[in-house]
Amino acid sequence: MRSMPPPPLPLLCSSAFVFLLLLLCRPLGANGRRSTPPAASPASPPGAPVGQPVQLTAAAVNGTVASANGAATGIPAVVIEVERQPHLRRVLIAAIVLSSFAGVMIVLAALYAFLLWRRSRHALVDSKDTQSIDTARIAFVPMLNSFNSYKTTKKGAATMMDYTSLEAATGKFSESSVLGVGGFGCVYKASFDGGFTAAVKRFGGETHDCEKEFENELDLLRRFRHPNIVSLVGFCIHEGNRFIVYELMENGSLDSQLHGSSHGSALSWHIRMKIALDTARGLEYLHEHCNPPIIHRDLKSSNILLDSDFNAKISDFGLAVASGNHSKGNIKLSGTMGYVAPEYLLDGKLTEKSDVYAFGVVLLELLLGRKPVEKTAQSQCQSIVTWAMPQLTDRSKLPNIIDPMIKNTMDLKHLYQVAAVAVLCVQPEPSYRPLITDVLHSLVPLVPMELGGTLRISPESPCTTQKHSPC
Ligand SMILES: Nc1ncnc2c1ncn2[C@@H]1O[C@H](COP(=O)(O)OP(=O)(O)OP(=O)(O)O)[C@@H](O)[C@H]1O
Ligand SMILES: [Mg+2]
């Protein structure tokens, strides 16, 4: 809410001055005093007629003279003197008026200075917010200019977008613009006037879960600022439908890259390591840099999105919760089969280590090219963790279970290292799992410098010596 501008100082001063003048101009009583209020004062002798000026008795006068002569306050002596010399009284009144006026002026000036200071501080905060929004969405600025309604919170803002423009940008939510389908509905590609593109997720239905996830995601996304967290463009609510508009991630999700029609062929070993590192950076931001820390609760390959350069960003914060702000009873057990940590599934125990477990599963998907849960020949479900664990720790077997798309394209030492990290992340006992910061530090040396790590690729590396290597 914007604060009202402070009234100009001259106006305040002149009003105060006029007020004082009015006080001075009030008629004086017959004895030269200002007429007293009609009510009897405590000094009034009992039974004195109301409204009559009070006569000072000799005793009273004597009493005041006595005090003037040295005992108590000294003020009564002045009063007696004033009573005797009318010009002194006028001077005293003038002095009192002037000093009161000066006092009022000082108080008003201080008040005015305070109001000005507060206003300039607000302006500074506003401009800082706007600056960060503009920096994060620089590509969308021309498009956002056409949507001028902001829903703001202390830490961020989201643009409320017009339904008709979303409808136009998605070809009336046509099938041809569908990017993917999730639990709550479709995600559409939107092309706005001027060539700006975005992804629009429709939260269909009016179920409580749908509304809650929409609010939760919007609330969190407008506060996050990180290169590995998907950016929020805006939102829209129209006739029971809710929409969130995100930056468009041209290469879709890691899930669609690994398990879709291309079967991971676009993802070299180094790109996979970069995706793992980017994801760890996004998670580290949530766990270590947010206050309170945020637990994503639904980390999986379909919630890791890839831009045109295969920079990975974490998406879908509908289920995310603040760490510590939950107990067994107050949140619903949620997540996706194959990614949920055993202690959360069995005991409802939720910590940042649950996200580390899910990260370990994603790492296994990247290494092995397999889905987190697969059907066996006997049409039973088998988790990637139970299937891979014995082979991950056996160096002779490990190279044989690697995704054929990247087999023999990496330094074996690096493969053992990454497999060891994955094994630690999926430990059944949460305290044996590393913190995401430790995971991140172990991945940095495996990612080439040009992809955001610290690895210098030598000419002898398998990636540079092998023909047709996807590295
Ligand atoms: N910002 C985006 N840019 C490009 N494609 C996106 C974007 N957001 C989502 N998608 C695509 O839409 C698909 C559906 O996403 P959505 O988040 O609705 O569901 P999900 O994550 O696949 O599954 P679930 O709803 O069970 O979590 C994603 O897998 C992805 O391929
Ligand atoms: Mg998703």
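The model is predicted, and local features need pLDDT of at least 70, side-chain atom pairs pLDDT 80 or more, while totals for chains, interfaces and linings use all residues. Residues are numbered from 1 along each chain as its sequence is written, and chains are lettered from A and ligands numbered from 1 in the order in which they are written.

**Entry 1, ligand 1.** I found 22 residues around ligand 1, and the closest are Gly-180, Gly-182, Gly-183, Ala-199 and Ser-302. Strand 3 (178-181), strand 5 (197-203) and helix 8 (254-259) each give two or more residues to this shell; helices (H or I, at least four residues) and strands (E, at least two) are DSSP runs, numbered from the N terminus. Strand 3 supplies the largest share, 3 residues. I noted that domain 1 (140-247) and domain 2 (254-465) each contribute at least three residues, with bounds from an automatic or database domain assignment.

**Entry 2, strands.** I next looked up the pairing of strands, which requires at least two DSSP bridges. Strand 3 runs antiparallel to strand 4 (residues 186-191), with 3 bridges, and Gly-180 stands opposite Val-187. Strand 4 is also antiparallel to strand 5, through 5 bridges; here Lys-189 faces Ala-199.

I located Cys-210 in helix 7 (residues 208-221).

Technical notes. Near = placed C-beta within 6 Å.
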